[in-house]
Amino acid sequence: MPTTTESSLDFVGEATPYTYIGDSHAGVGTLVFEDTATSTRVATRPHLIWAFAARDIIGDDGMLGSSLVEALRRTSALSSSVLFQPVPGLRPVQTWRDGILVNESINVTALARNQPYVLCVGELNVRYLLGRFADDRIDFDVPFLTGGLEALPSYDVRATVPFAKLLPVVLDEIGPIFRGLKILREAGLQTLFLHALPPPTLDDEAFGTIMGFSAPARLRYKLTMLVNFLFERACADLSIGFINIWNDVTENNLRKSEFELDVVHLNRRAAILSVHEVHRQFSALQLANA
Amino acid sequence: MSQFPYDHRPDYALWKRNVQGVPSTALDPSAPVRFMIDKEMRIASGGSCFARHIAVNLKKQGFNYFCTEPGAEYSANFGNVYTTLQLLQLFQRAYGEFKPAEIAWRRGDRFVDPLRPRVFEAGFPTPDAVAKATETHLAAVRRLFEELDVFVFTLGLTEGFCSRIDGTAFPAAPGKDVGEFDESRYEFRNLGVSENVEYLDAFLHGLRHVNPKARVILTVSPVPLVATMEERSVIQSTVYSKSVLRVCADEILRMHDFVDYFWSYEIITATYNTDRYFELDRRSVDERGVAHVMRSFFRHFAGIETEQTTTAQADPCDEDVLNALIRKASGS
């Protein structure tokens with residue numbers, strides 16, 4: 001038996017990293033899973049980028065943002081070499097080699113084929129849009145059902161914007177996400193997934209306190225659902241997996257209290273559901289590519 | 001008994017009767033018009049981007065929208081004419097009084113006309129092909145000016161970029177995706193009241209010279225500047241630009257009785273409607289705003305009441321349209 005001053009650390013094997021990269025919703029913690037059917041282990045690997053929003057994914061120059069490239073390099077999805085051909089959208093990096101500054105092109109690693117990368121982004125962009133819409137007392141039409149939202153308090157609406165008018169504004173805000181995903185997909189990162197936005201809090205007062213501005217719950221939900229709707233469409237178009245646990249963590253489209261960590265985030269139970277969904281889609285992808 | 005000059009002013013001159021208590025959608029900042037239009041007249045239009053709404057609605061209401069080039073967005077293929085200097089130079093080019101030094105700008109491996117870079121998106125294979133297309137275009141512009149009855153012109157901007165070599169006023173600065181910006185060749189100009197009055201007056205003299213029956217309706221675009229080169233907020237520059245153009249229109253009205261003014265700027269931007277008629281970008285005028293503007297235009301200049309106006313837009317609730325928009329946002 002080990003004494004209190006000794007520890008016992010048994011090596012039990014390797015685990016496949018499931019990398020979550022992006023805003024604070026990528027902070028799922030280091031969770032370890034075992035697939036009993038295949039006796040393989042999975043460990044989540046969160047890589048948070050502070051204040052990560054759509055505009056960080058791609059710059060005005062059309063190149064992938066440096067914070068995301070760095071995160072993907074640190075987690076072995078991307079690598080650089082003088083031998084690589086330049087890849088559109090991936091800016092070469094400069095490295096010292098034998099005292100000489102050389103350009104190295106960035107490309108997707110072979111290792112990345114064997115592990116999933118889940119991008120969490122967009123929630124900050126929803127906040128930006130909410131600030132504008134709430135300030136203007138805007139409601140808008142959406143081309144999908146929003147059952148359950150009628151249970152949320154109504155608010156004083158100045159104008160209801162048709163979907164045709166709203167869409168360009170929202171796409172302008174989140175479009176860089178799609179352009180970034182496209183660059184990575186075309187560069188060969190097939191194991192990339194985009195995570196859906198979580199259902200927001202139902203507590204208007206807490207939201208106002210944390211965010212520093214007010215936006216009614218009905219508006220928060222509608223906008224979040226719209227962004228997820230667009231995420232799903234874009235992912236289908238780009239052949240990128242979409243990790244969406246909305247139906248599991250909501251009832252009638254409203255957040256279930258048992259999944260709430262704080263005003264903004266979902267808790268570990270939700271993270272476990274997310275990892276299960278990643279595992280399901282990643283396994284299917286591996287099978288298809290085998 | 002002494003008379004007070006404001007005692008017998010008409011309703012439109014009095015805030016209490018023209019504005020106070022009138023529903024926002026019924027506000028009508030009008031004035032007696034100098035002439036009317038009818039469906040027999042050849043009505044042409046041009047100007048900044050807001051002019052598009054006027055062209056669309058004139059056609060929609062069955063007016064004889066005069067167009068001398070097939071497929072043109074306006075009455076000829078001149079694209080957006082933002083400044084009075086551009087308008088004057090368009091006229092001068094049409095009559096051989098001005099020949100810009102630059103005839104073509106590069107866009108990728110193609111060439112475009114620097115004075116209407118967005119008109120032919122595909123561009124032309126050679127500068128010669130641009131020059132040939134310009135010749136055809138200017139012939140159509142001549143015919144337009146000589147045969148129109150009424151020209152509706154929307155004053156848009158005071159800011160713009162000009163050639164340092166010969167003063168050519170371009171509709172857009174080179175360098176974004178067309179042409180190359182070179183500070184030694186191009187300069188920023190922000191036209192003042194006297195310059196605008198001078199250029200517009202010169203155009204009107206030319207127009208009446210080639211077409212003595214021509215009449216003109218001026219209006220000021222309510223669409224704010226998308227960007228400014230002045231070292232100040234784009235809001236300040238918008239107010240400056242629109243104020244200058246509004247003053248210019250009034251100065252011109254005092255000089256020429258064949259020119260009238262239409263108040264689209266007032267309908268959209270007067271304080272009681274600023275919160276009502278702009279899109280989410282706080283810049284584009286929405287359908288209701290355009291409808292209000294055109295309702296007032298047709299009521300006063302044509303004597304007809306209209307309800308339905310504008311704008312044929314692709315409906316993103318349609319799956320194909322939605323997917324195309326998302327694909328475009330993805331850069332595909």
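Biologist: Which helix gives the largest share of the lining of the largest cavity?

Modeller: This is a predicted model, in which local features need pLDDT of at least 70, side-chain atom pairs count only at pLDDT 80 or more, and totals for chains, interfaces and linings use all residues. Residues are numbered from 1 along each chain as its sequence is written, chains are lettered from A and ligands numbered from 1 in the order in which they are written, and side-chain values use heavy atoms, with hydrogens and water left out. α3 (123-136), α5 (204-211) and α6 (217-238) of chain A each supply at least two lining residues; helices are DSSP runs of H or I with at least four residues, and strands are runs of E with at least two, numbered from the N terminus. The largest share, four residues, comes from α3(A).

Biologist: Which residues lie closest to the centre of the largest cavity?

Modeller: A cavity is a set of points on a 1 Å grid over the protein atoms alone where a 1.4 Å probe fits but cannot get out, and lining residues have an atom within 4 Å of a point. The points are joined across faces, edges and corners, and the volume is the space filled by probe spheres set on them. The structure holds five cavities of 30 Å³ or more, the largest having a volume of about 150 Å³. Of the 17 residues that line the largest cavity, the closest to its centre are A:Glu123, A:Pro198, A:Pro200, A:Phe207 and A:Thr224.

Biologist: Which element gives the most to the side of chain A that touches chain B?

Modeller: 25 residues of chain A are in contact (heavy atoms within 4.5 Å) with 21 residues of chain B, and the buried area, the accessible area (1.4 Å probe) lost on putting the two together and summed over both, is about 1,900 Å². There are four salt bridges across the interface, each a side-chain nitrogen of Lys or Arg within 4 Å of a carboxyl oxygen of Asp or Glu. Helices α3, α4 (163-187) and α6 of chain A give two or more residues to this side. The most, 11 residues, come from α4(A).

Biologist: With which side chain does the side chain of B:Arg189 make a polar contact?

Modeller: B:Arg189 lies in strand β7 (residues 186-190) of chain B. A polar contact is a pair of N or O atoms within 3.5 Å; within protein, one must be able to donate a hydrogen and the other to accept it, and residues adjacent in sequence count only if both atoms are side-chain atoms. At 3.0 Å, the partner of B:Arg189 is the side chain of B:Tyr199.

Key:
1 Å grid on protein atoms, 1.4 Å probe; cavity = no way out; pocket = protein on both sides within 12 Å on 5 of 7 lines; lining within 4 Å.
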